[in-house]
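This report is written for a reader who is meeting the structure for the first time. Please view the sequence and the model together before reading on.

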Amino acid sequence: MSDALAEWRRAGQSFGWRGHAVFYRDQGHGDRALLLIHGFPTASFDWAKLWPDLVREFPRVIAPDLLGYGFSAKPADHDYTIAGQADLLEELLARLGVRHVHLLAHDYGDTVAQELLARYAQRRGGAPAIESCVLLNGGLFPEVHRARLVQKLLLTPFGPVIGRLMSRRGFGPGFSAIFGAKTRPAEEELDDFWALVENQQGRRVMHRLIRYIPERRLHRERWVGALQRTRVPLRFVNGPDDPVSGAHMVARYRQLIPRADVVELPGIGHYPQVEDPAGVLRALREFHARLQR
């Protein structure tokens with residue numbers, strides 16, 4: 001674990017959710033916040049390169065590790081669902097007194113954000129008002145999402161075994177392949193990504209976490225519809241060199257989303273916030289500046 005990851009952990013805290021400890025970072029004050037929702041298979045540390053700038057520009061920034069990820073609990077017998085993760089986030093925001101929220105999401109987190117948008121459209125309960133949503137690379141439309149081989153294997157009956165057999169040596173090349181050719185992570189970064197997966201025996205729940213892929217197909221109408229019908233301002237920031245959800249996802253987004261607002265970051269792959277934090281920050285600043293006019 002690098003010094004940066006160790007410091008990220010020390011700066012965080014946890015709250016209890018349905019009997020499980022959930023890690024999160026929270027900096028700033030007030031009832032308005034930017035909520036950062038990470039992707040599979042990593043954690044809130046994905047936002048570390050953006051964090052110093054974000055906390056200067058927003059009154060409050062909150063970044064949790066979703067259940068089953070990073071420094072949060074990883075119960076082996078839990079039924080991990082997108083709806084459950086959305087419940088977790090709503091409870092966290094309620095406990096922290098957040099009444100207005102901007103979303104910045106990536107990958108798996110995009111799907112959680114879609115569920116939050118669907119709920120907001122229904123004005124369900126006392127959830128905070130969603131004021132904007134910026135999505136990074138993710139499987140917004142399941143029909144064009146290109147799952148990696150290891151993800152497909154985790155979904156088979158052999159998934160529990162595949163997860164347990166995962167290793168740092170095998171993880172590095174496969175994970176690096178979804179980055180841009182010139183922006184692949186250094187070995188120390190890969191060590192940190194793996195540490196987040198491995199923490200609390202995370203390999204044993206990988207086959208459960210990956211069930212979000214068939215969930216996307218099952219709930220496609222709800223989650224794609226949330227993007228198509230929402231009145232919340234949206235922006236899609238994409239690394240087009242991503243083999244999982246890159247340029248082909250942008251093309252589908254433009255087909256299906258009215259008045260599509262898209263920013264492409266040339267040469268960038270699946271993790272824009274890690275590969276090109278300056279580009280993501282620029283796209284975020286421009287978007288929020290426009291909202292304030």
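## The second largest pocket

In this predicted model, the lining of the second largest pocket comprises eight nonpolar, three polar and four charged residues. The pocket holds about 250 Å³ of space. Its lining is made of 15 residues, and those nearest the centre are Glu-57, Phe-58, His-102, His-288 and Gln-292.

Two elements, strand S3 (32-37) and helix H14 (277-291), each contribute at least two residues to the lining of this pocket. H14 gives the largest share, with six residues.

## The largest pocket

The largest pocket contains about 470 Å³ of space. A total of 24 residues line this pocket, and Arg-148, Val-150, Met-166, Gly-174 and Phe-175 are the ones nearest its centre. By class, 16 residues of the lining are nonpolar, six are polar and two are charged.

Three helices each provide at least two residues of this lining: H5 (149-154), H6 (159-165) and H7 (168-176). The largest share comes from H5, which supplies five residues.

## Enclosed cavities

Rolling a probe the size of a water molecule over the atoms shows where empty space is left. In this model, three cavities of 30 Å³ or more are counted. The largest cavity has about 90 Å³ of space.

The lining of the largest cavity consists of Leu-89, Glu-90, Leu-93, Val-101, Leu-103, Leu-116, Arg-119, Tyr-120, Ala-127, Pro-128 and Ile-130. Helix H3 (82-95), S5 and H4 are the elements that give two or more residues to this lining. In terms of class, the lining has nine nonpolar residues, no polar residues and two charged residues.

## The chain as a whole

The protein chain is built with 14 helices and eight strands. Its radius of gyration is 17 Å, close to the 19 Å that the globule rule gives for 293 residues, so the chain is as compact as a globular protein of that length. The C-alpha trace spans about 50 × 40 × 35 Å along its principal axes.

Of the 293 residues in the protein chain, 56% are buried. Among the contacts with a separation of 6 or more, 78% are between residues 24 or more positions apart. The chain exposes about 12,500 Å², and carbon and sulfur atoms supply 50% of that area.

## Helix H11 and its surroundings

Helix H11 covers residues 220-229, and within it Trp-223, Val-224, Gly-225, Ala-226 and Leu-227 are buried. These buried residues pack against several elements: H3, H4, strand S6 (129-135), helix H10 (212-218) and strand S7 (234-238). Of these, H3 and H4 also give residues to the lining of the largest cavity.

Val-274 belongs to helix H13, which runs over residues 272-275. With a relative accessibility of 9%, below the cut-off of 20%, Val-274 counts as buried.

Which residues are in contact with Val-274, leaving aside its neighbours within four places in sequence? They are Asp-46, Lys-49, Phe-179, Glu-189 and Phe-193. The C-alpha atom of Val-274 is separated by 8.2 Å from that of Ala-48, although the two residues are 226 residues apart along the chain.

## Backbone details in the loops

The peptide bond from Phe-40 to Pro-41 is cis, and its omega is near 5°. Pro-41 is located in the loop between S3 and helix H2 (51-57). S3 is also one of the elements that supply the lining of the second largest pocket.

Asp-107 sits in the loop between strand S5 (100-105) and helix H4 (108-122), whereas Gln-200 sits in the loop between helix H8 (187-198) and helix H9 (206-209).

Are these two residues buried or partly exposed? Asp-107 counts as buried, because its relative accessibility is 4%. Gln-200 has a relative accessibility of 38% and therefore counts as partly exposed.

Note on methods: Residues are numbered from 1 along each chain as its sequence is written. This is a predicted model: local features need pLDDT of at least 70, side-chain atom pairs count only at pLDDT 80 or more; totals for chains, interfaces and linings use all residues. Side-chain values use heavy atoms; hydrogens and water are left out. On a 1 Å grid over the protein atoms alone, a cavity is a set of points where a 1.4 Å probe fits but cannot get out, and a pocket is an open set with protein on both sides within 12 Å along at least five of seven lines; lining residues have an atom within 4 Å of a point. Grid points are joined across faces, edges and corners, and a volume is the space filled by probe spheres set on the points. Helices (H or I, at least four residues) and strands (E, at least two) are DSSP runs, numbered from the N terminus. Ala, Val, Leu, Ile, Met, Phe, Trp, Tyr, Cys and Pro count as nonpolar, Asp, Glu, Lys and Arg as charged, and the others, Gly among them, as polar. The radius of gyration is taken over C-alpha atoms; the globule rule is 2.2 Å times the number of residues to the power 0.38. Buried means under 20% relative accessible area, exposed over 50%, partly exposed in between (1.4 Å probe, protein chains only). Contact means heavy atoms within 4.5 Å. Accessible areas come from the Shrake-Rupley method with a 1.4 Å probe; for residues, only the protein chains shown count as cover.
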